[in-house]
Amino acid sequence: MNSRANNASAGLAALPDEALLDRLQRGAFGYFTAYANAANGLIADTSRADSPCSIAVVGFALSCYPIAVERGWMSRAAALARTLETLRFFWRSKQDNQPNATGFKGFYYHFLDMQSGGRVWQCELSLIDTTLLIAGVLTAGCYFDGNGEEAEVRELSDMLYRRVDWHWARNGEDTVAQGWKPEYGFLHYGWEGYNEATILYILGIGSPTHPLPTATFAGWTLTYQWENLLGQNVLYSGPLFTHLFSHAWIDYRGIRDAFMRTKRSDYFLNTQRAIAVHQEYAVRNPQGFTGYDQNFWGITAGDGPDNRQLRQSHRDRRYFGYMSRGAPYGPDDGTLAPWAMLATLPFGAERAIGGTRHLLKNYPQVCTDDRFSSGFNPTLTCNGEGWLSDGCYGLDQGLLVMMIENYRSGLIWQLTRRCPALRAGLKGAGFDGGWLSDEG
Amino acid sequence: MGGGCPMKVNPTSPGSEPFSDNVYRQSVRPQAWQNPQPSGVYDLAVIGAGPAGLAAVELATRHGLRVAIIERDRLGGNSLNAGSIPSKAMIRTGRVDAALRDGADIAVSVPAMLQTNFAAVMARMRRIRTRIAGYQSAQRLSARGVDVYFGDAQFLSPGALAVGGVPISFKKALIASGAQSQRSNITGLEQIGYFTSESIFDITALPKRLAVIGGGPLGCELAQAFCRLGSQVTIVQNDPKFLPHEERDAAELLSLALSKDGVETRLNTTVIAARQGKGEKLIDTVNNEVNSSIAVDEILLSIGRVPNTANLGLEAAGIESDAVDGINVDDYLCTTNTNVYAAGDACKAHKFTNIAETSACIAVRNAFGQRTERESHLLIPWCTYCDPEIAHIGMHVLEAKRQSIPITSFTVMMQDVDRAITDGQDEGFVKLYVRDGSDEILGATIVAARASEMINEMSVIMCAGIGMRRLATILHTYPAQSSAIRMAALAYEATQPSEPW
């Protein structure tokens, strides 16, 4: 269990907004220097000892280095060196159908050994995690626009993207599989309904070498559920992160695909509404969880207390470990992600900052060294305090750094608007309007 | 009983148990039954006395037709004998048991040692089955002038069939031969033995550990029921979700409900072999590439039902069929023999009692009337009786999308419904699928404690062509769980442009 608030984060609540954001953004970014292997650029999945690398976290890291340069937390040379290490590692990594490779067909295994870079845990070749890695690779390619080694970044970025065989990942179906294992083949999970995968289809369709057919995007949107839910018309997905991940890279303001045109909405507006659903759910608090209110919400994938069943407040409560939680259909065990409210910053600063301040004031222990823990459950108490994850997760930190930056300066969105792959992918998927109408 | 309902007569002597197993047998398959001697040509010969066959007979006799019905096993078919009725009886006990265990939630203190006597549960189930069987017993059918034959029916020609060597001529025939549990090709399973829905209701002792193979409606219902009655249940489902035909949120809620009850759920898992262990049965499974084994005492196989088409002599009557879809019928339920119709599980993708009964009536009306009723016009509600229940009617979201019909799902969470809160039954939701730019309701999914009842309101609403605007004005009792349906219509109203006052 976790110790009480760290003094280093104690004064946060008193800071004015801009200073508060700066501290928390920098704190989150610190994850990428603290849990990295400088020799190959790999970043640990979590802050826990012996955590392997998660390729998605590397994608976030690659996207955050430019932010650190612009904010003066890292020199351009250091960011360039780290970026190059990373890209070179992936380019040279073992790519074949052997179980100990780093990747296959241009995709990569979800979790890699921090030192060797080989596959661990018999994990899957992950399409969505490779997508997030490639999004970071492309972001780096857009940012480093100089000569010499910066040109090498662009070259490697392009080569890594071109190597991904999106076409293969369909396995002949209308939509992509979620993963593949050398021991087994394509994984058999359902991939139904809206989720964080928009960017997967967009990068896949944008590929100049092995593209997904544009029809795959329509195939995927066919499984969408447009709901009137808790007072909002929303393209439904339960976990909050699914409404945020693609948005970390893509500025969806003003651009629409066929689905959103029919619904007279767009994906940015949709995330705003999804956030409103989460907030309203917390206000209604149907299961009577401690802490839920209009300033404390954010149910998503993350760490949790573990699987156990307890009798509390006149009902049986079931708690879960790491899992993807959602609202309003659940699962919901009273665990909230302390970073989630702030990660919604570009979609409504007042709500995001108001909630974060409330959190820091009432539960300062959720933030240590200016960095948010993965999960917090004030309903399940231990020694008088709510259960708190003792880990920080790279995905959470990366998303937070990027979303704060998109709110503060729009840096990532500006970079990716110029990215030919994204533009081609968005247009291929049927997006138009807004900034997509401008010259690239 | 109200007017028009059949009065029930039990063939019991004074002082004897009215719903004994003996009475049951006398109703559904009397031991000393003498098949009648056919005289002349029957107006209608019905093969199979399940819900479809019995409904056809009921309608045909009401219109003065001369009718023969042929049953090879027990009157009432799967629904009465080994399906809907026995499972619902067991589910009821399971629910009461679960409600008692949750008694503290509603401030009832419950003794720590709650015990369910499984033999008594099954005895209750059999009494219920006997009681319901009495409404359409062999004697009662006979008394109404129906010729009831027990035995295997086989077509001899396009206009005649035989039962036990006795030829029966007909003007029209209805094949309502039903379906049976699909057998499995799992290596070793036949050797070690397993139950299907046809045999599971005959057990008298509760299996300590039960594996349910298949996560369709019946598999899920029985997994939960046996778990609640005290078995340690593992359910293995090939697909990534339970109830593959239902929408994702409903299936996920069911997953959570099952595991909350203590059912071990294994999704995305295929059974590759079964073998005998030391005093136990072992089933070998693979989930992605990970192999594991589950040790149990009994196995229930519930992987679907296949139509009964074998040994009916269909070729002799010019009736086409295939092993998967059953008897080939057109939209009027006519087979490839213009005098022979089919109904129920023998020819329908949705193998439900209500569809069986209704399709049989359509077939009979088409056979003797103007041939105008189309089966595809039916609006079919159905329900899986887990707790919470999962019910559906009309179009699914995906179907609408495939037909390029833009829709919005108006959702009300049961946790926001006052009566669901007072009842402590606030799991689930009501979703009404509405065509964009109109208030037309195209379908609904309901997950709630009594979704099987609530979906019937949707059936009435949709058959009456009531749209969301009108529904919003229709009063419901307060508080009632079904008011969730009106709340969805009120949510629709809230999306409509309103003039400021």
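Two strands pair if DSSP finds at least two bridges between them. Strands (E, at least two residues) and helices (H or I, at least four) are DSSP runs, numbered from the N terminus.

This is a predicted model: local features need pLDDT of at least 70, side-chain atom pairs count only at pLDDT 80 or more, and totals for chains, interfaces and linings use all residues. Residues are numbered from 1 along each chain as its sequence is written, while chains are lettered from A and ligands numbered from 1 in the order in which they are written.

**Exercise 1.** Find how strand E8 of chain A is joined to E21(B).

*Solution.* Start with E8, residues 226–229 of chain A. Count its bridges to E21(B): there are 2. The strands run parallel. Now pick Asn228(A); its bridge partner in E21(B) is Phe410(B).

**Exercise 2.** Describe the side of chain B that touches chain A.

*Solution.* Contact means C-beta atoms, placed from the backbone, within 7 Å. Chain B gives 28 residues and chain A gives 27. On the side of chain B, H10(B) supplies the largest share, 6 residues. Sort that side by type: 10 nonpolar, 7 polar and 11 charged. Here Ala, Val, Leu, Ile, Met, Phe, Trp, Tyr, Cys and Pro count as nonpolar, Asp, Glu, Lys and Arg as charged, and the others, Gly among them, as polar.

**Exercise 3.** Decide whether Gln224(B) is buried or exposed.

*Solution.* Locate Gln224(B) in helix H9 (residues 217–228) of chain B. Buried needs 20 or more other C-beta atoms within 10 Å; exposed means 12 or fewer, and partly exposed lies in between, with C-beta atoms placed from the backbone. Gln224(B) has 26 such neighbours inside 10 Å, so it counts as buried. Beyond four places in sequence, its contacts include Gly94(B), Leu258(B) and Cys386(B).

Terms used
Contact = placed C-beta atoms within 7 Å.
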